[in-house]
Amino acid sequence: MPALPPASPRSICLLRLSALGDVTHVLPLVHSLQAAWPGVELAWIIGKGEQRLLEGLPGVEFVVYDKKTGLHGMRALRRELAGRRFDALLLMQLALRANLLSTGVHARRRIGYDRARSKELHGLFVNERIRGAAGPHVLDVLGSFSEPLGVTRGKVEWRLPVPDEAHAWAQAQWPRDAAPTLVISPCSSHARRNWRADRYAAVANHAAQRGWRVVLCGGRSTLERDTGDAILSAMRAPALDLIGRDTLKQLPALLARADLVMTPDSGPMHIANAMGAKVLGLHAATDPRRSGPYSDIRYCADRYDDAARRYLGKPAAELAWGTKIEADGVMDLVTVDDAISAFERRRADLRQPGTPGL
């Protein structure tokens, strides 16, 4: 006798505030819930910038919390949700701020992380937990939050909401021609995950010598502008400088046009992956198997195990899930040769007889 489908909840509250890459990883879970229960009411408590990225996601009501508002913002959110009751809360963030914020959500079932991953008093705010072994990647762990509700995540789909005008803007930035494109997004919000500008320039010069177009992108921060200027000054070849010129809605469309995106562990890494782009991820501070480009890590430059041995005195295999090695100088373990080798792996996979630049 076939198994009965799980009973349909009327409403589910998701709580995942940040960051850009992590909210991208929640999208497959959203689509799984909607596929299992068409019409289920989904409310997502999310950060301000992250909401701008996901604005327009069908069937999801966003409840925005700006962390800069602190306790005042928490009280405002509590008032906003005071009259609402949810069948389940999926508390998908371990930070104490998120745990405290969850007390404003009235839900019969409060589903959180397994004991091994819990921290910041997380267990005090939930009454159910996900299973312990959900795969190493953050996306797999987040995807398992549907399992206590009786839903197994199906095919991974992102379907990031990108408007037509954003694609049109991206198409206008460089011509559609035979030259493949390397897009460099050089900065993470975690400074110790960032690579040196002269190393980016060395890889960019190598790509240009192989006939590739080089494009720089990034936000409007002083760090991103200064890093971009340092890369450009160290390059011998020209590059298209788009730093500070795109919006959060245009960024996914821009990254989707790349034949390869080079970036540290950052929001653009995961947005690029969600848009189907291949990623040359630069990893020493973080493990690409946990937080690299989910679909394909073949083109990553990976020195995480070297970092674990040097800074923590043990191999990466012995570290707890989620261990970050954000020490001064850790990214220097990733060499220019590492990144050029990763670039050449992608170039070899793209190469077709008679195709210039590949």
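Predicted model: local features only at pLDDT ≥ 70, side-chain atom pairs only at ≥ 80, totals over all residues.
The numbering of residues starts from 1 along each chain as its sequence is written. Local features need pLDDT of at least 70, side-chain atom pairs count only at pLDDT 80 or more, totals for chains, interfaces and linings use all residues, and side-chain values use heavy atoms, with hydrogens and water left out.

Me: Which residues make the contact of H1 with H10?
Reply: Contact means heavy atoms within 4.5 Å. H1 brings Leu 20, Gly 21, Thr 24 and His 25, and H10 brings Gly 267, His 270, Ile 271 and Ala 274.

Me: What is the make-up of that contact by class?
Reply: The contact of H1 with H10 has three nonpolar, five polar and no charged residues. Gly counts as polar.

Me: How do helix H7 and helix H13 cross?
Reply: The axes of H7 (residues 197–209) and H13 (residues 336–350) come within 9 Å and cross at roughly 35°. The crossing is right-handed, a term for a near helix turned clockwise from the far one by less than a right angle. By class, their contact has seven nonpolar, one polar and two charged residues.

Me: What lines the second largest pocket?
Reply: Its lining has 13 residues, and among the closest to the centre are Asp 177, Arg 257 and Asp 259. By class, the lining has seven nonpolar, one polar and five charged residues.

Conventions. Helix = DSSP H or I, 4+ residues; strand = E, 2+ residues; numbered from the N terminus. 1 Å grid on protein atoms, 1.4 Å probe; cavity = no way out; pocket = protein on both sides within 12 Å on 5 of 7 lines; lining within 4 Å. Axes fitted to C-alpha atoms, helices over the stretch in contact; angles between N-to-C directions.
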